[in-house]
Amino acid sequence: MKIINIKDNSSLQEFLSEINKPSLLRVYSENCGYCKAMQPEWENLLKLIEKKNNNDNINIVDVEASYSNNLPYNISSSIIGYPTIFALQDGNILKTYENRRTSDDMYEFCKKHILKKKSSSSQKKRKSYKGGKKTNKKNKKTKKQTKIKKQTKIKRTNKKKKNK
């Protein structure tokens, strides 16, 4: 886990260089009462993530509101208030956080959208093993459906023969 605080141009460049990593991005304003109230929960969230996950391939990004206009357009144009929390993958917004501002709820959001994400290149079809053979689950369904279709055809032809 890498924490990036964007409060200047050098930290912004650091984030942009790693924008393809799964990220939890929070945009806040130092003058915002809601942001100040959420700060202890945010810090608890960071501790939870660090304690329960050893995934070094994620970024936790804090963006001060005055630097939010320097973010990529698809992110900056989606900010409608403070605080705003996004789950990002490959520089795109996966989901906007819209739940209670508690560390437990934010952690569940993070688990669902950030911590379990694999890069798109490593996502492959899941294989199941049955009887020592590798079978693709999709093919397995197709085989069942084909068997049912054949049985249905046989029943129809038998009915036709009886009717004649």
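Lys-2 has a relative accessibility of 27% and therefore counts as partly exposed; please bear in mind that the model before you is predicted. The side chain of Lys-2 forms a salt bridge with that of Glu-18, at 2.7 Å from N to O. This pair joins distant parts of the chain, since Lys-2 belongs to strand S1 whereas Glu-18 sits in the loop between H1 and strand S2, 16 residues apart. Glu-18 is at 17% relative accessibility, so this residue counts as buried.

A salt bridge also connects Lys-2 with Glu-14, here at 3.1 Å from N to O. Glu-14 lies in helix H1, residues 9-17, and is 12 residues from Lys-2. With 30% relative accessibility, Glu-14 counts as partly exposed.

The whole structure contains six salt bridges. Among them is the pair of Asp-105 and Arg-100, at 2.8 Å from N to O. Asp-105 is buried at 17%, while Arg-100 is exposed at 53%.

Strand S4 spans residues 84-89 and includes Gln-89. Gln-89 has 11% relative accessibility and so counts as buried. A polar atom of the Gln-89 side chain lies 3.4 Å from the backbone oxygen of Asn-20.

Technical notes:
Residues are numbered from 1 along each chain as its sequence is written. This is a predicted model: local features need pLDDT of at least 70, side-chain atom pairs count only at pLDDT 80 or more; totals for chains, interfaces and linings use all residues. Side-chain values use heavy atoms; hydrogens and water are left out. Helices (H or I, at least four residues) and strands (E, at least two) are DSSP runs, numbered from the N terminus. Buried means under 20% relative accessible area, exposed over 50%, partly exposed in between (1.4 Å probe, protein chains only). A polar contact is a pair of N or O atoms within 3.5 Å; within protein, one must be able to donate a hydrogen and the other to accept it, and residues adjacent in sequence count only if both atoms are side-chain atoms. A salt bridge is a side-chain nitrogen of Lys or Arg within 4 Å of a carboxyl oxygen of Asp or Glu.
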